[in-house]
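Let's take a friendly walk through this model, one region at a time. Keep the sequence and the 3D view open as you read.

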Amino acid sequence: MEVIHEVATVRQYIRVARQRGCRIGCVPTMGALHPGHLSLVEECRKHVDEVVVTIFVNPTQFGPNEDFQKYPRPLEKDLALCRENGVAYVFAPGKDSLYPAGFDTWVEVDQLTSMLEGEHRPGHFRGVTTIVCKLLNIVQPDVACFGAKDYQQQAVIRRMVLDLDIPTEILTCPTIREPDGLALSSRNVYLSLEEREIALSLSRALNHVQSAVASGQRDWSQLETEMATQLSSAGVDLQYAVIRHPETLQSVDESPSHVVALIAGYVGKTRLIDNMRIPVA
Ligand code: AMP
């Protein structure tokens with residue numbers, strides 16, 4: 001496995017791999033890898049010959065009061081996990097490689113970022129789309145894998161790739177959870193034992209919606225109220241608990257084949273998100 005820090009070097013390795021006839025896959029991450037990330041690597045390996053994992057804690061997607069400084073950066077452990085999981089290249093650039101002095105170009109998706117995460121984290125998606133566009137330009141992968149855990153993010157990236165004619169196939173991989181339902185997240189390390197118990201209410205609320213829909217409930221605003229009540233009484237400082245159309249993320253009007261329930265809120269000082277795509281049979 002090659003560990004690469006410079007843009008020109010990764011381009012060179014990819015050029016050589018292409019000359020050998022390899023299909024290339026990319027898994028963009030901010031590191032602090034866990035089995036959720038590794039499931040993306042595993043899926044990616046099924047579609048390509050060589051996988052590039054990028055590890056970069058992207059400063060431009062963090063708000064001024066967010067956790068950029070304290071975000072975990074266990075690079076050596078991450079590299080060992082990549083090695084064990086068949087990754088061919090880790091691209092771990094420094095900030096100045098991707099944002100050199102004078103950097104002045106941003107990629108923005110408009111409508112899809114005006115709500116939910118975009119509303120609560122102003123500027124977040126501008127940072128995400130800019131860095132993902134740059135990484136896709138640098139690696140030029142055939143396939144890139146993203147997690148359904150960040151549901152709105154994968155929708156925004158799909159929109160960007162379509163709108164900007166980026167020749168990469170985007171795969172969205174299922175959310176990996178702890179046995180008790182907690183969605184894996186690099187931010188879970190911030191949770192105390194007591195907070196972790198409160199955090200379980202997110203997946204419980206989503207399971208509640210799933211069961212209700214399976215039993216025929218179609219009153220979406222009633223279900224949103226039920227989620228909000230459950231989450232708030234469990235101790236979550238809720239930002240949103242909504243049911244939306246799975247592609248547009250707008251409110252559900254006619255009867256779609258699926259809906260997506262999305263939650264964001266604080267447990268103590270830690271902001272958590274979770275979601276579930278639910279069939280409406
Ligand atoms: P991050 O390092 O948090 O930026 O995440 C990198 C990628 O891993 C994103 O595409 C995430 O959606 C994905 N990811 C994070 N957590 C999980 C999870 N629990 N299951 C599946 N994918 C995940």
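With a relative accessible area of 9%, Ile55 is buried. The model is a predicted one, and in it Ile55 belongs to strand 3, which covers residues 50–55.

What does Ile55 touch, once neighbours within four places in sequence are left aside? Its contacts are Thr29, Met30, Gly31, Leu33, Leu75, Asp78, Val90, Phe91, Ala92 and Pro93. One of these, Met30, lies 25 residues away from Ile55 along the chain, and the C-alpha atoms of the two are separated by 5.0 Å.

Is Thr130 buried or exposed? Thr130 has a relative accessible area of 2%, so it counts as buried, the limit being under 20%.

Setting aside residues up to four places away in sequence, Thr130 is in touch with Phe103, Thr105, Trp106 and Val107.

## Two loop residues with positive phi

Leu116 is not a glycine, yet its phi is positive, at about 50°. You will find Leu116 in the loop that links helix 4 (95–98) and helix 5 (117–120). Leu116 is buried, and its relative accessible area is 4%.

Asp165 also has a positive phi without being a glycine; here the value is near 55°. The loop that holds Asp165 runs between helix 7 (151–163) and strand 6 (169–173). Asp165 has a relative accessible area of 65% and is therefore exposed, the cut-off being over 50%.

## Helix 8 against helix 9

Next comes a pair of helices: helix 8 (residues 193–214) and helix 9 (residues 220–234). Two packed helices are described by the angle between their axes and the distance between the axes. For helix 8 and helix 9, the axes come within 9 Å and cross at roughly 155°. Because angles over 145 degrees count as roughly antiparallel, helix 8 is roughly antiparallel to helix 9. The crossing of helix 8 and helix 9 is right-handed.

Which residues make the contact? From helix 8 come Ile198, Ser201, Leu202, Arg204, Ala205, Leu206, His208, Val209, Ala212 and Val213. Helix 9 contributes Trp220, Leu223, Glu226, Met227, Gln230, Leu231 and Ala234. Sorted by type, the residues in this contact of helix 8 with helix 9 are 12 nonpolar, three polar and two charged.

Three strands make up an open sheet, ordered 7-8-9, with antiparallel pairing. Strand 7 (237–244) and strand 9 are the edge strands, each pairing on one side only. From one strand to the next, the twist averages 10°.

How many bridges join strand 7 to strand 8? There are seven, and these two strands run antiparallel. Leu238 has Gly265 of strand 8 as its bridge partner. Strand 8 (residues 258–267) in turn pairs with strand 9 over 10 bridges, in the antiparallel sense. Gly265 is opposite Leu272 of strand 9, and Ala261 has Met276 of strand 9 as its bridge partner.

What share of each strand is buried? In strand 8, eight of the 10 residues are buried, leaving that strand mostly covered. Strand 9, spanning residues 270–279, is also mostly covered, with eight of its 10 residues buried.

Helix 8 returns here as well. Helix 8 lies across strand 7, strand 8 and strand 9, and runs at about 15° to strand 9. To bring the pieces together, helix 8 has a contact with helix 9 and also lies across the three strands 7, 8 and 9.

Note on methods:
Residues are numbered from 1 along each chain as its sequence is written. This is a predicted model: local features need pLDDT of at least 70, side-chain atom pairs count only at pLDDT 80 or more; totals for chains, interfaces and linings use all residues. Side-chain values use heavy atoms; hydrogens and water are left out. Buried means under 20% relative accessible area, exposed over 50%, partly exposed in between (1.4 Å probe, protein chains only). Helices (H or I, at least four residues) and strands (E, at least two) are DSSP runs, numbered from the N terminus. Two strands pair if DSSP finds at least two bridges between them. Axes are lines fitted to C-alpha atoms, for helices over the stretch in contact, and angles run from 0 to 180 degrees between N-to-C directions. Angles under 35 degrees count as roughly parallel, over 145 as roughly antiparallel, 65 to 115 as roughly perpendicular and the rest as oblique. A crossing is left-handed if the near helix is turned anticlockwise from the far one by less than a right angle, and right-handed if clockwise. Contact means heavy atoms within 4.5 Å. Ala, Val, Leu, Ile, Met, Phe, Trp, Tyr, Cys and Pro count as nonpolar, Asp, Glu, Lys and Arg as charged, and the others, Gly among them, as polar.
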